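Colleague: I have some labels to check with you. Can we go through them one by one?

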Amino acid sequence: MTDTGTDVVRLSPGDPAPDFTLPDADGNPVRLADHRGRRVIVYCYPAALTPGCTTQAVDFTAAAGDLAEAGLDIIGISPDPQEKLQRFREQENLRITLVSDPDKQVLRAYGAYGPKKLYGKEVVGVIRSTFVVDAEGRIERAQYNVKATGHVAKLRRELGLD
């Protein structure tokens, strides 16, 4: 893969979910493999403390109880440093797991880093994406270029939770 992000992976249902171990806001390792036996929503977002990413994280936090009851854990991945994730969590009272991927290796493995349109220009960055990983560690759903606003409600409907 090149650093320009032009070799973009796209995951599909049935693909093995790329495993990862990344530090959370407190520096504790979060391993996807530790969630085997439960479904996991892995969502990738560009930057903590920005309007769209805040909307999405607050919506996931609001839905976390219902999602947990339905057997779904939530892990949010961004390239932000741990300190910024701590501020984000505290400022917005977030109760979901946020992990740091500063070298963007996991984001690339999920196809969530590469060329995208931003205000009509092509740039390379984090592609807002959401994945549902099944209890065996396979991709159940892969959604790229999702909208921050209304996404969690739409996902809940798609998962039959509303």
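Colleague: Why is Asp66 called partly exposed?

Modeller: This is a predicted model, and its relative accessible area for Asp66 is 39%. Buried means under 20%, exposed means over 50%, and partly exposed is what lies in between. Asp66 has 39%, so partly exposed is the label.

Colleague: What makes Asp66 and Arg156 a salt bridge?

Modeller: The N to O distance is 3.1 Å. The cut-off is 4 Å, between a side-chain nitrogen of Lys or Arg and a carboxyl oxygen of Asp or Glu. The pair of Arg156 and Asp66 therefore counts. Arg156 sits in helix H4 (residues 151-158) and Asp66 in helix H1 (residues 51-69), so the bridge ties parts 90 residues apart in sequence.

Colleague: Is Arg156 buried or exposed?

Modeller: Buried, because its relative accessible area is 13% and the limit is under 20%.

Colleague: How do you know that Arg141 and Glu158 form a salt bridge?

Modeller: Their N to O distance is 3.8 Å, and the rule asks for within 4 Å. The pair therefore passes. Arg141 belongs to strand E9 (residues 139-144) and Glu158 to helix H4, so parts 17 residues apart in sequence are tied together. Arg141 is partly exposed at 25% relative accessibility. Glu158 is partly exposed too, at 29%.

Colleague: What makes Asp73 and Arg38 a pair?

Modeller: Their closest N and O atoms are 2.9 Å apart. That meets the 4 Å cut-off, so they form a salt bridge. Asp73 lies in strand E4 (residues 72-78), while Arg38 lies in the loop between strand E2 (29-31) and strand E3 (39-44). The two are 35 residues apart and link distant parts of the chain. Asp73 is buried at 18% relative accessible area. Arg38, at 32%, is partly exposed.

Colleague: How many salt bridges does the structure hold?

Modeller: It holds 10. Some share partners, and these join Asp26, Arg89 and Glu90 into one network.

Colleague: What makes the phi of Leu49 worth a remark?

Modeller: Its phi is near 65°, a positive value, and Leu49 is not glycine. Most residues other than glycine have a negative phi. Leu49 is in the loop between E3 and H1. Its relative accessible area is 29%, so it counts as partly exposed.

Colleague: Where is Lys104, and what is its phi?

Modeller: Lys104 is in the loop between strand E5 (97-100) and helix H3 (105-109). Its phi is positive, about 65°, although Lys104 is not a glycine. At 22% relative accessibility, Lys104 is partly exposed.

Colleague: Which residues does Ala47 touch, beyond four places in sequence?

Modeller: Cys53, Asp80 and Lys84. Ala47 is in the loop between E3 and H1.

Colleague: What lines the largest pocket?

Modeller: There are 16 lining residues, and Pro46, Lys116, Lys117, Leu118 and Arg128 lie nearest the centre. Strand E6 (residues 113-118) gives the largest share, 3 residues. By class, the lining has 9 nonpolar, 3 polar and 4 charged residues. The space in the pocket is about 380 Å³.

Colleague: How do you know that the predictor was confident?

Modeller: The scale runs from 0 to 100. The mean pLDDT of the protein is 93, and 96% of its residues reach 70 or more. Over residues 1-5, though, pLDDT stays under 50.

Notes:
Residues numbered from 1 in each chain as written. Predicted model: local features only at pLDDT ≥ 70, side-chain atom pairs only at ≥ 80, totals over all residues. Heavy atoms only, no water. 1 Å grid on protein atoms, 1.4 Å probe; cavity = no way out; pocket = protein on both sides within 12 Å on 5 of 7 lines; lining within 4 Å. Points joined across faces, edges and corners; volume = space filled by probe spheres on them. Helix = DSSP H or I, 4+ residues; strand = E, 2+ residues; numbered from the N terminus. Nonpolar A, V, L, I, M, F, W, Y, C, P; charged D, E, K, R; others polar. Buried < 20%, exposed > 50% of the residue type's maximum accessible area, 1.4 Å probe, protein only. Contact = heavy atoms within 4.5 Å.
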